[in-house]
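Here is a short report on one protein chain. Look over the sequence and the structure first, then read on.

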Amino acid sequence: QKTSPAALPKKQPQPATDGNKKDIILESDLKLLTYNVRGLASNLDNAALMTFFAQYDVVCLTETHIKSDVQFKALPDFDIYCADAHKLSKHGRLACGVMVLVKKALSPVIERIDVDIENIVALKFKRTLLNLEKDVVYLACYIPPHDSPFWNISQNGYGLEPLEKCLLDIHNVIVDFDIILCGDFNARTASQNCNDESDEFD
């Protein structure tokens with residue numbers, strides 16, 4: 001399952017400068033992709049899929065089913081930010097998990113925001129990257145289905161409570177920011193089927 005890529009239009013490109021760090025000038029739109037990979041380990045040898053990912057600047061992968069200690073060398077030109085998959089029991093299977101891939105060329109103007117919430121990766125895009133007046137908080141999130149054993153209704157409620165908490169926590173650190181929100185939210189749509197699946201990488 002994939003969502004349509006988002007291309008963010010910008011005004012005239014400006015250098016992104018931060019102290020002694022090198023300038024970053026985007027020569028085209030920043031290309032973003034969100035993709036439910038449904039198990040990254042089993043897809044690492046899928047050359048077509050890796051080539052597809054490499055077309056983008058920032059890639060959000062959900063349901064990775066892996067931890068951050070897994071060796072990921074398929075895309076050497078990307079930095080990796082991972083929210084580990086987890087188990088319900090010692091001998092259970094890994095499930096959930098989020099990974100964000102960011103092209104190394106952008107690393108001087110992108111940094112991770114520490115959040116203590118499962119299945120969320122938060123990054124800060126410095127305002128100069130997109131020639132904006134505010135920094136941009138990029139949130140990559142996976143919310144399990146409401147009937148999944150990995151979703152605790154008593155702790156998390158029925159919808160977006162963990163995401164809301166994350167945003168409030170970030171607001172305590174970064175007062176004013178724009179936001180890019182992506183991921184797989186398993187929308188609570190009752191009997192409506194909102195799946196749109198495709199295995200074509202175009």
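## Asn36 and its polar partners

The backbone nitrogen of Arg38 sits 3.2 Å from a polar atom in the side chain of Asn36. The side chain of Asn36 also meets that of Glu63, in a polar contact of 2.9 Å. A polar contact is a pair of N or O atoms within 3.5 Å; within protein, one must be able to donate a hydrogen and the other to accept it, and residues adjacent in sequence count only if both atoms are side-chain atoms.

Asn36 belongs to strand E4 (residues 30-36). Helices (H or I, at least four residues) and strands (E, at least two) are DSSP runs, numbered from the N terminus. Asn36 is buried, at a relative accessible area of 6%. Buried means under 20% relative accessible area, exposed over 50%, and partly exposed in between (1.4 Å probe, protein chains only).

Residues are numbered from 1 along each chain as its sequence is written, and side-chain values use heavy atoms, with hydrogens and water left out.

pLDDT is the predictor's confidence in each residue, from 0 to 100. The chain averages 81, and 73% of the residues score at least 70. Confidence is highest in strand E5 (residues 58-62), at a mean of 97, and lowest in strand E2 (residues 16-18), at 44. Over residues 9-20, pLDDT stays under 50. Where pLDDT is low, the predicted coordinates should not be read in detail.

## Val37

Val37 is in the loop between E4 and helix H1 (47-53). Val37 is buried, with a relative accessible area of 5%. Which residues does Val37 contact, leaving aside its neighbours within four places in sequence? They are Asn43, Leu49, Leu61, Thr62, Glu63 and Thr64. Contact means heavy atoms within 4.5 Å. The C-alpha atoms of Val37 and Leu61 are 6.1 Å apart, though 24 residues separate the two along the chain.

## One face of helix H3

In helix H3 (residues 161-171), the buried residues are Pro162, Leu163, Cys166 and Ile170. Seen down the axis of H3, they fall within an arc of 100°, so they line one face of the helix. The arc is that of the directions from the helix axis to the C-beta atoms.

Methods: Predicted model: local features only at pLDDT ≥ 70, side-chain atom pairs only at ≥ 80, totals over all residues.
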